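The sequence and the structure are shown first, and selected features follow.

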Amino acid sequence: MTAPRGIEELIEEVRRSHEALESTADEAERLGPAPEALVETMRRLRTPMVKVPIEVGGDQLGLADQMRYFEALSYSNPTAGWVGFNHAGVAGLVAALFQESCLDEVFGANPAPLLAGVATPSGTFEVVKGGLRATGTYRYASGVRHADWIMVPAIESADSRSVRLLVIPADTPNICGDWDVMALKGTGSVNVELDGAFVPEHRTANCLLYTSPSP
C-alpha cells in the first residue's frame with residue numbers, strides 16, 4: 001500500500017508540476033472536458049487520493065489541508081482544481097461507505113482511480129437478482145468524460161424511503177454533450193443517463209432510510 005503523503009509533500013508535487021498543469025489550462029477551456037495530458041498529470045499526482053482514508057491507500061487530509069491543496073492545484077489549472085476536488089470527494093465517500101469487495105474493484109489495481117459523482121438522487125432503481133437496475137438522468141457530472149467510475153444515488157421505485165448509492169463503470173451511462181457555459185468550461189460537467197443499468201449488490205450502499213413522521 002502506498003504511504004500517505006503530508007500536505008507539504010503534496011503541495012510541492014503540485015508546484016513541480018506547475019508547467020504541465022498550466023500548459024493545458026487554455027486547451028481545457030477550448031475543448032470543454034479536460035485534455036488527456038491534464039488527466040494524466042492528475043493521475044500522476046494521485047489527486048483523487050487526497051481525501052481517501054489511509055486504510056484504502058489515501059492521504060486522508062484534514063479539511064484545512066484539503067483547502068490548501070486544492071488552492072495550489074487551482075492556481076496552476078482551474079479545471080484540475082474543480083474536477084480534482086470532485087474526484088477526491090467521490091473517492092473518499094466510496095472508500096468510506098462501500099464494502100471491501102467494491103473497494104478492491106475500484107482501488108485494487110488502480111493507484112488513483114478517477115471517480116465522477118452526482119449528489120442529487122434523480123434516478124430510480126428496482127431490485128433484481130444479484131443487485132439492482134437503475135434508470136435516470138443525472139446533471140453536472142464533472143469530469144465524467146475521463147472518469148473510470150461514477151457514483152450516483154437512486155431512489156427505489158417501489159419504496160421512496162430507500163436510497164442507494166451506486167458505483168458503476170463510467171462507460172455504462174450515456175454521456176450527453178450538453179455543456180455550454182461561460183466559465184469553468186474545461187470541467188466537462190455534462191449530464192449522464194442510465195437506462196436499466198445493472199449494478200451488482202456489492203457496488204451499492206445504503207444512503208438514506210427515512211420514514212414519514214407519525215400522525
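Leu63 belongs to helix α5, which spans residues 63–76; helices (H or I, at least four residues) and strands (E, at least two) are DSSP runs, numbered from the N terminus. With a relative accessibility of 62%, Leu63 counts as exposed. In these terms, buried means under 20% relative accessible area, exposed over 50%, and partly exposed in between (1.4 Å probe, protein chains only).

Together with Met67 and Phe85, Leu63 makes up a nonpolar patch on the surface, and the accessible area of the three is about 300 Å². Patches consist of residues with over 30% relative accessible area and no salt bridge, where like charges are joined within 9 Å and nonpolar side chains (Val, Leu, Ile, Met, Phe, Trp, Tyr) within 5 Å. Accessible areas come from the Shrake-Rupley method with a 1.4 Å probe, and for residues only the protein chains shown count as cover.

## Basis of the description

The model is predicted: local features need pLDDT of at least 70 and side-chain atom pairs count only at pLDDT 80 or more, while totals for chains, interfaces and linings use all residues. Residues are numbered from 1 along each chain as its sequence is written, and side-chain values use heavy atoms, with hydrogens and water left out.

## Salt bridges

A salt bridge is a side-chain nitrogen of Lys or Arg within 4 Å of a carboxyl oxygen of Asp or Glu. By this rule the count is eight salt bridges. One of them joins Arg68 to Glu8, with 3.0 Å between the closest N and O atoms. This pair links distant parts of the chain, as Arg68 is in helix α5 and Glu8 in helix α1, 60 residues apart. Arg68 is partly exposed at 35% relative accessible area, and Glu8 is partly exposed at 48%.

Arg16 and Glu12 also form a salt bridge, at 3.9 Å from N to O. Both residues lie in helix α1, four residues apart, about one turn of the helix. Arg16 is exposed, with a relative accessible area of 60%, whereas Glu12 is partly exposed at 33%. In helix α4, Glu40 and Arg43 are three residues apart, and their closest N and O atoms are 3.8 Å apart in a salt bridge. Arg5, Glu13 and Asp59 are linked in a network of salt bridges.

## The loop between α4 and α5

Arg46 is located in the loop between α4 (36–45) and α5. Its phi is near 55°, a positive value in a residue other than glycine. Arg46 is buried, with a relative accessible area of 12%.

Gln60 lies in the loop between α4 and α5, and its phi, near 50°, is a positive value in a residue other than glycine. Gln60 counts as partly exposed, at 42% relative accessibility.

Ile11 is placed in helix α1, residues 7–16, and is buried, with a relative accessible area of 5%. Ile11 and Leu31 are 20 residues apart in sequence and 27 Å apart in space, C-alpha to C-alpha.

Pro169 is found in strand β5, residues 159–169, and counts as partly exposed at 24% relative accessibility. From Pro169 to Ala141 there are 28 residues in sequence and 14 Å in space, C-alpha to C-alpha.
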